[in-house]
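Please view the sequence and the model together while reading.

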Amino acid sequence: MTVGSAPSRWTLAARLVVLAAVLAAALVGAVRLGATSLSTGAVLRAVAGRGDPTVVTIVRALRLPRAVQAALVGAALAASGATFQALLRNPLADPYVLGVSSGAAAGAVFTIATGLAARSALALPAAAFAGAAGTMLLVLRIAAGVGRALDARVLLLAGVATSSFLVAAVWLALSFADVEAVRSAVFWMMGSHAGATWGSVGALGLCLAPALAALLALARPLNLLAVGEATAAHLGARVERTKLVAFGVATLLAAASVAASGTIGFVGLVVPHAVRLVWGSDHRALLPAAALAGATFLVAADTVARTAAGATELPVGVVTAFVGVPFFVWLLRRPGAA
């Protein structure tokens, strides 16, 4: 993975403005479409609190928080995926490579199987975030115990081993759960924004804003790490500190996203690649562009999941997989991938 020439400041700004405009269009489309289709004018009036009270409730209490949450989760997963691909120098890395999704699933299944999720709306996302964050700390502790330097290969192996153990624990718990608990757990693990509220959007935004800012501040060291740790150190980068902070922040982004909406695959894998293919690998441009593109992609995917099958809502992870798997196969088969 090499770093291409950096775009000029004006070129980067123009690209981000275009991506922001596309995201705004996707958000408007997401709010307009549904069981009751709305005009753009009706949506704008409802956002301002004017017009039919029923339409105002549909827009302000249901569709708009859901669309905004999808945008935040998509931005977080795409930025996290781009960061992991730079740190591991592996184009097939994604935000769940350190076992975050398995840890979140373990926490979520625990609350579902014990009935805690039915007693409190906060129990499931809190347990999922705690499971994901605990898994991240465990993986970092295992990797740190092997050597003083944070070896990416050791970190990856620790993540795979921990994830496998947690997946086994999840299926063990589900084997003793009742049918309704299994159904709820499986649906959660496939991802959905159906439970989005302004409270969950606010909590997610407070977590994501400083994390995304921290990753943008690490863009130059990530560019240096992409060409090798020895070269990065020679050029003045504080390699171990950069890796530790970047791993921690990227994993927290994934953990917060999974806690809010379940496990949604392929956003963090596909979107950074698509942006990199079009505009290069400079992380000063890649990270903000991937965040905007990831937000747009997940808003569009959630709109399809909500409207494609009539009254039956599809798990959004199914839609992202239908797009992500063909792209993944193409990535493996393209010249030079081996």
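**Overall architecture**

Of the 338 residues in the chain, 48% are buried, where buried means under 20% relative accessible area, exposed over 50% and partly exposed in between, with a 1.4 Å probe and protein chains only. The model is predicted: local features need pLDDT of at least 70, side-chain atom pairs count only at pLDDT 80 or more, and totals for chains, interfaces and linings use all residues. Residues are numbered from 1 along each chain as its sequence is written, and side-chain values use heavy atoms, with hydrogens and water left out.

**Fold and dimensions**

- The chain contains 15 helices and zero strands; these are DSSP runs numbered from the N terminus, with helices being H or I of at least four residues and strands E of at least two.
- The radius of gyration of the chain is 20 Å, close to the 20 Å from the globule rule for 338 residues, so the chain is as compact as a globular protein of that length. The radius is taken over C-alpha atoms, and the rule is 2.2 Å times the number of residues to the power 0.38.
- The C-alpha trace spans about 65 × 55 × 35 Å along its principal axes.
- Among contacts with a separation of 6 or more, 75% join residues 24 or more positions apart; contact means heavy atoms within 4.5 Å.

**Packing of helix 1 on helix 3**

- The axes of helix 1 (residues 9–32) and helix 3 come within 9 Å and cross at roughly 145 degrees. Axes are lines fitted to C-alpha atoms, for helices over the stretch in contact, and angles run from 0 to 180 degrees between N-to-C directions.
- Helix 1 contributes Leu23, Leu27, Ala30, Val31 and Arg32 to this contact, and helix 3 contributes Val59, Arg63, Leu64, Ala67, Val68 and Ala71.

**Helix 9**

- The 20 residues of helix 9 (residues 198–217) should span 28 Å at 1.5 Å a residue, and the end C-alpha atoms are 28 Å apart, which agrees. The expected span is 1.5 Å times one less than the number of residues.
- Val201, Leu204, Leu208, Ala211 and Leu215 of helix 9 are buried.
- The cover over these buried residues includes helix 3 (53–88), helix 10 (219–225), helix 12 (239–261) and helix 14 (283–307).

**Ala250**

- Ala250 lies in helix 12 and is buried, with a relative accessible area of 0%.
- Not counting residues up to four places away in sequence, Ala250 touches Ser80, Thr83 and Phe84.
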